[in-house]
Amino acid sequence: MASAPPRPLPELASVPWRPRVDERDLRRRGALWTLTTVAHVVPFVIVAVVLVLLEPLAVAVSLIALAKAWLIPELYAQRGANVVRPKPRAGDAAEARALGLLGDLVDHDARETLARTGLVPERGALGTWLVGEAGALLVAPGGRRVFCWCVRAADSGLPSSDRIAHLLLALREDEAGFATVANLAFSGARWRVRRRLHAAMRPALDAGVAAARSLDTRATP
């Protein structure tokens, strides 16, 4: 018996102009992010090289241009990492209750990852997700590229675990719709994102990369 198609998220009605995200759209977005970054970086590199060739004494200005060429993608990656930055917590009792409810939604390994990193891993059709309080990281199959999505629960006053649970349930209900509603904050190499993540969250990304690589291996004939 064929499984029923996912029920579209109600929030899709608020973004009717956005095409529904699929694997092809993700590849296109990733390529666009790469081209945009190159378009910002290359002019500074060219300026640095031309200045030195025309006037060797302008090496200081050339170094400034090279520094800017390095800084631009780093700032983009920082914006991406910020989508899973920890938010202010509610009272201890409310957080404990919310954590218990979230624990019922995930398995033992995911609960351990949440306790250590603050992120919940979830495998999907588009890759491996790492869900936080106000956003999620999507590790694409193969583990080389990470998409950083900014999305919030309707009530920002909820305990952090409740916010994660809301996003996790939405992701499970309609993965493509979740990615369509969310705002893409960054797409790029995993090492750029990892450098900018809170240290406690890096093991979750490493595990997500390993899972994404295994998915890619199974998909390869």
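Helices (H or I, at least four residues) and strands (E, at least two) are DSSP runs here, numbered from the N terminus. What you're looking at is a predicted model, so local features need pLDDT of at least 70 and side-chain atom pairs count only at pLDDT 80 or more, while totals for chains, interfaces and linings use all residues. Residues are numbered from 1 along each chain as its sequence is written, and side-chain values use heavy atoms, with hydrogens and water left out.

Let's start with the overall layout. The protein chain carries 8 helices and 5 strands. Reading from the N terminus, the order is α-α-α-α-β-β-β-β-α-α-β-α-α. Of its 221 residues, 43% are buried, meaning under 20% relative accessible area, with exposed being over 50% and partly exposed in between (1.4 Å probe, protein chains only). Take the contacts (heavy atoms within 4.5 Å) with a separation of 6 or more: 70% of them come from residues 24 or more positions apart. The chain exposes about 12200 Å², and carbon and sulfur atoms supply 63% of that; the area comes from the Shrake-Rupley method with a 1.4 Å probe.

Now for the sheet. The 5 strands make an open sheet in the order E1-E2-E3-E4-E5, with antiparallel pairing. Two strands count as paired if DSSP finds at least two bridges between them. At the edges sit strand E1 (120-123) and E5, each pairing on one side only. From one strand to the next, the twist averages 20 degrees, where axes are lines fitted to C-alpha atoms and angles run from 0 to 180 degrees between N-to-C directions.

Walk across it from the E1 side. E1 and E2 pair antiparallel over 4 bridges, and Glu122 stands opposite Trp129 in E2. The hairpin of these two strands, E1 and E2, has 4 residues between the strands, and there Gly127 takes a positive phi near 150 degrees. E2 (residues 128-131) points Thr128 and Leu130 one way and Trp129 and Val131 the other, and all are buried. Next, 4 bridges join E2 to E3 (residues 135-139), again antiparallel, with Leu137 in E3 as the bridge partner of Leu130. E2 and E3 also form a hairpin, with 3 residues between them.

Some of those residues turn up again in the core. A nonpolar core is a set of buried Ala, Val, Leu, Ile, Met, Phe, Trp, Tyr and Cys residues joined through side-chain atoms within 4.5 Å. The largest one has 50 residues, and Trp129, Val131, Leu137, Trp149, Phe178, Leu197 and Leu205 touch the most other members. Helix H5 (residues 160-173) gives this core its largest share, 5 residues. Leaving out residues up to four places away in sequence, Phe178 touches Leu9, Trp129, Ala136, Val151, Leu167, Ala170 and Leu171.

Cys150 stands opposite Asn183 in E5. Ser187 also lies in strand E5 (residues 183-189). Is Ser187 buried or exposed? Ser187 counts as buried because its relative accessibility is 4%. Beyond residues up to four places away in sequence, Ser187 touches Gly30, Trp33, Arg145, Val146 and Phe147. With Arg145, the Ser187 side chain makes a polar contact, side chain to side chain, at 2.9 Å. A polar contact is a pair of N or O atoms within 3.5 Å; within protein, one must be able to donate a hydrogen and the other to accept it, and residues adjacent in sequence count only if both atoms are side-chain atoms.
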